[in-house]
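Here's a quick briefing to read alongside the model. Have the sequence and the 3D view open, and we'll go topic by topic.

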Amino acid sequence: MDFGPYLMLATLEGAVLAAVLALMASGLSLVFGVMRVVNVAHGELYMLGAVFAWWVTSFVGGGPAVAFVAALIIAPLIVGALAVLADITILKRLEYDPERTIVATIGLLYIMQQVTLMTYGADARPVVPPFNTRLAIPWLEWADGGLQVFWPWGLSITSYKLFVIVAAVVVLLGIRLMMTRSRIGLLMRASQLDSETAQAFGIPVERIYALVFGIGAALAALAGVLIVPIQQAHYLMGGDALLLSFIVVIIGGLGSLGGTIVAALLIGLSDGIISVFFSPTLAKIIATILVALVLVFRPQGLFGGRAR
Amino acid sequence: MSKTSESKPPISRRSALKTLGVGAGAAALPMWARYANAQTSEPIRIGFQKHATGIGASYGRWYDRTSQAAVKMINAGGGINGRMVELVTEDDGTDPKRGAEVVEKFATQHKCDVAFGTLFSHVVIGSAPRAGELKLPYFVVSEGHHVASGMLNRYTLQPGITDVKSQVQAMAPFVASNLGKKVTMIFPDFAFGHDHRDYFSAAIEAQGGEVVQMIAIPPAETSFTKYFPKIPRETEVIYHVMVGPAVLTFVKELGEFFGPSRPEIFGFIDSLEAVDLASPGLEYLEGTYFWEGNPRYAQADQSEYDKNFRAAVGVDENGASVNDSKDISTYAHMFGCWETLNIIKAGMESSGYAGPQDRSKLIEAVEAITDIPHSNAHPQGAKLFNGKTHQVFGQQYITKVTNGKLILAHTAGIEDTLYPDEVDYTKQSF
Amino acid sequence: MSENGKIILLHTGLIALLLALNFILPAYHHGNIARVMVLASYAIGYNILLGYTGLLSLGHALFFAAGMYGMGLSIRHLGFSPAPALMMGIAAGALVSVAIGALALRTSGVAFMIVTLMFAQAGYLTILLFGKWTRGDEGFVIQQAERILWGIDLSDANNRYLAALVLFALCLFAALWLVRHPVGRVFVAIRENEERAQLLGYNVFLYKLAAVVASGTISAAAGASYGLLFGYAGATFATVQYSIFPLLWVLLGGMGTVIGPFLGAVFMFYLIDLSSGITNAYMLIAGVALVLLTLFAPQGIGGEFRRRVWGWLP
């Protein structure tokens, strides 16, 4: 394929990845920002979202579109509720101690992953997308002394992939509105700044924490539901997703929601575009080392302030 | 604690008669062997390394079902040397370290007579040294070239499934003469994929074709479209092979990439093993070709043996479980378990195997096997076993997607799969 | 008895017990304990960093694999005999840990976790990239004939057990010596309060680098020995999973105790071995154990011993 169309395709594919990553990573970032908890089980919440999407779509009738909308609502709710439960029964009792919560969430990671293995099984299962039209994209070429439109082989995207991008943008805007405009967002920000003072002012910090943990989980689950018509639900899918969203959160500056989204774009697009120039495995190595070096030389992340 | 299963034969007049038949056969054995038979009624224990968890789990499930069915059939026929067969199953987690531990467990704790195993090459290669040291015969169903390459040891054999080198080189003549000479290969960027890359590019060049581009996909990749633009325009045939949980995404995105104008496509069924051909997004595969170790869909000229095999394992004519039409089998590989267990039976019977002290005799007996006829014990087809390289050779199938089913288009004969020996294990001491 | 005496007695006693077990264990457990001793050596290395210096790495598989491949590749491609190959493995681990330490120690906390994780991931992919020499994920066998160290066949069960015991004893006493040495005390001071250690005039960066190198080198020795004793090197050992294992063993056994890594490795090994007979989802039990541990025994097995019985446990 010519270079131009190739780059275009890599960018589009990167944008889909960036959209999913941004959703997932903003959940992780929210939890870290407000609660100072590193949730290692976040990838499994994403996996649970995908798996519940499969359950819901296989039991709800009325065509793929209806079933998918049902999954879009039900799966994040269930996963969010599970996370609230985990917060109340485990994390709260650890008093959100940073190291112990990491260990506890590694434990939760295995519990969720293995219970899925016991119930859902070890197969990768597909979910039918609500719509999926292949949209070919034209390209301009200078030929015979004038610009000509042509349709390069393979330059295309599907309507569902476009929908994923749009849906992620809408949800992220919603989160931003909630944080800045609503009362609950205000309470969250107050707990984030100084949980003891917030408590003293009568803010129910414990309930805020449970809610934040639930919302963070629901965002991961939503990312899982959105990806599952493109990929398949599999009990081990959480691992790589966790790595990527960790990277995004750190690069973006821990706890900074805006930085997280910019970093998701950066990582998503570079994953696509670096693979244009290098052999695939080499591209992965280069991308991985680059990210590590960014952290080494700018530990506060690209967009984080020094204060954190 | 381990999951064991012992299928006791139903006591009926018919099976009693069959058992008698075996008794008559036993009379042909040397005296000491009959004596040994009479001495022990302990079951023969076969340790089964199963990919119950990890990325190989779909294969593990079907390898398990096939092996259980084979053991049931062997026991219904009177067992081996008059003894029942018991399968001792342990999960290897599709992990070479756990695989080696499980082999140790078979040898030293479960007191298994032999070990029998598994698909993923890294598990086999990680386990084989331990099997050799523990002097435990280790029969693998992995299709890797590791056995015949000489990397392993005298105790490791692959008598039930042809290796990847044979499979790949047997495909080249068909691809070059029917599909095209300019091939782009897409394969996973690890050893299994590299075997495909190396053996196929050599074989297609021998046919006057060439590989115009090689696209190696990094492991654990979950989205693939970004790699496809590397496919050159001049490509006449796409050759694809993929493994792991993301195979369906891979094949689907390949279709979305090409849209209405695709080149010829030839794939290894590994890319869609355990995946329903009717999955959404796979419609474009109509008219493309697949290598299959054993055709998933019952063919028009289905043999009695295949019919019997399907019924015993519980697979319908579309290659799905008879209990759940969505549960697709790994039909192209799992016959290897059935055939391997029957080779173990044949080897134990001709060596008069009575217990672990006869393990080297068992190996020698299996090494002595050459021609294996098409039969109920070997439903995939006739085979040729090479005792020196411990590797079996058998015919390979190419099927074409026709009305959503895989219909046989070409059968590559055993002669297409042969290559010069790379090792002589019989020269190694026990 | 003096505290010092008790400490020597306990750790020598453990080695003596393991030596005695060589003669009485049934074959299966004999093999398992040999394996566990090598894995426990890995965990001892990990514990120097996590337990004594307070640095949580998620990339130790890189050091383990550096040892394994430094050893394996020099046998496979350079025709080395086991002793120099083992040295190559250890040297490779030391070299890699200097490089990684120098870079990663510019960060701390969560960023340190992620940076080590990413370097290890890059290392894993590099093994795959050079598949021509490493055979990638499939790995390669180190043949029995290549595993004869000073005339001792390491593939023999008895020799293997004793070799593993020697490795384990060396690592155990090295760790014991280190943590009671002034350098080890500085490690602990850094763990407790890095700023104060800095104010006291210690070059914190150099001490942390020393901890990374000590930890990485011991891990590499364990990796090289694992490959040599069990005859296989493969990329699986460089995956994230093998970075998480020593973390689990150390947490379970009790971080910041010399004996903890061994307790954790034994406990975890048998937990998985026994539960895999009951359910496929045996890691579920590991998960539940971890959660219960953080809730009820955050110091791990060794830590609980120290809290309840042996206050002097180093």
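A residue is called buried here if 20 or more other C-beta atoms lie within 10 Å of its own, exposed if 12 or fewer do, and partly exposed in between, with C-beta atoms placed from the backbone. Helices (H or I, at least four residues) and strands (E, at least two) are DSSP runs, numbered from the N terminus. What you're looking at is a predicted model, where local features need pLDDT of at least 70 and side-chain atom pairs count only at pLDDT 80 or more, while totals for chains, interfaces and linings use all residues. Residues are numbered from 1 along each chain as its sequence is written, and chains are lettered from A and ligands numbered from 1 in the order in which they are written.

**Chain A overall**

- Chain A has 11 helices and four strands, and buried residues make up 55% of its 308 residues.
- Its C-alpha trace spans about 75 × 50 × 35 Å along the principal axes.
- For 308 residues, a compact globule would have a radius of gyration near 19 Å, and the 21 Å of chain A agrees with that. (The radius is taken over C-alpha atoms, and the globule rule is 2.2 Å times the number of residues to the power 0.38.)
- Of the contacts in chain A with a separation of 6 or more, 76% come from residues 24 or more positions apart. (Two residues are in contact if their C-beta atoms, placed from the backbone, lie within 7 Å.)
- Leu162(A) sits in helix H5 (residues 159-181) of chain A; with 16 other C-beta atoms within 10 Å, Leu162(A) is partly exposed.
- Leu162(A) and Leu266(A) are 104 residues apart in sequence and 18 Å apart in space, C-alpha to C-alpha.

**Helix H8 of chain B**

- Helix H8 (residues 247-258) of chain B has 12 residues and should span 16 Å at 1.5 Å a residue; its end C-alpha atoms are 17 Å apart, which agrees. (The expected span is 1.5 Å times one less than the number of residues.)
- H8(B) is mostly covered, with 10 of its 12 residues buried, among them Val247(B), Phe250(B), Lys252(B) and Glu253(B).
- Those buried residues of H8(B) pack against strand S1 (134-136) and strand S4 (156-158) of chain A, along with strand S9 (237-240) of chain B.
- Just past H8(B), Gly259(B) has a positive phi of about 60°.

**Strand S17 of chain B and its partners**

- Five of the seven residues in strand S17 (residues 396-402) of chain B are buried.
- S17(B) pairs in the antiparallel sense with strand S11 (residues 289-292) of chain B over four bridges, and Thr399(B) is the bridge partner of Phe290(B). (Strands pair if DSSP finds at least two bridges between them.)
- S17(B) also pairs in the antiparallel sense with strand S18 (residues 405-412) of chain B, over seven bridges; here Val401(B) stands opposite Leu406(B).
- The hairpin of S17(B) and S18(B) has two residues between the strands, and Asn403(B) takes a positive phi near 50° there.

**Where chain B touches chain C**

- 30 residues of chain B are in contact with 23 residues of chain C.
- The largest share of the chain B side, eight residues, comes from H5(B).
- That side divides into 13 nonpolar, eight polar and nine charged residues. (Ala, Val, Leu, Ile, Met, Phe, Trp, Tyr, Cys and Pro count as nonpolar, Asp, Glu, Lys and Arg as charged, and the others, Gly among them, as polar.)
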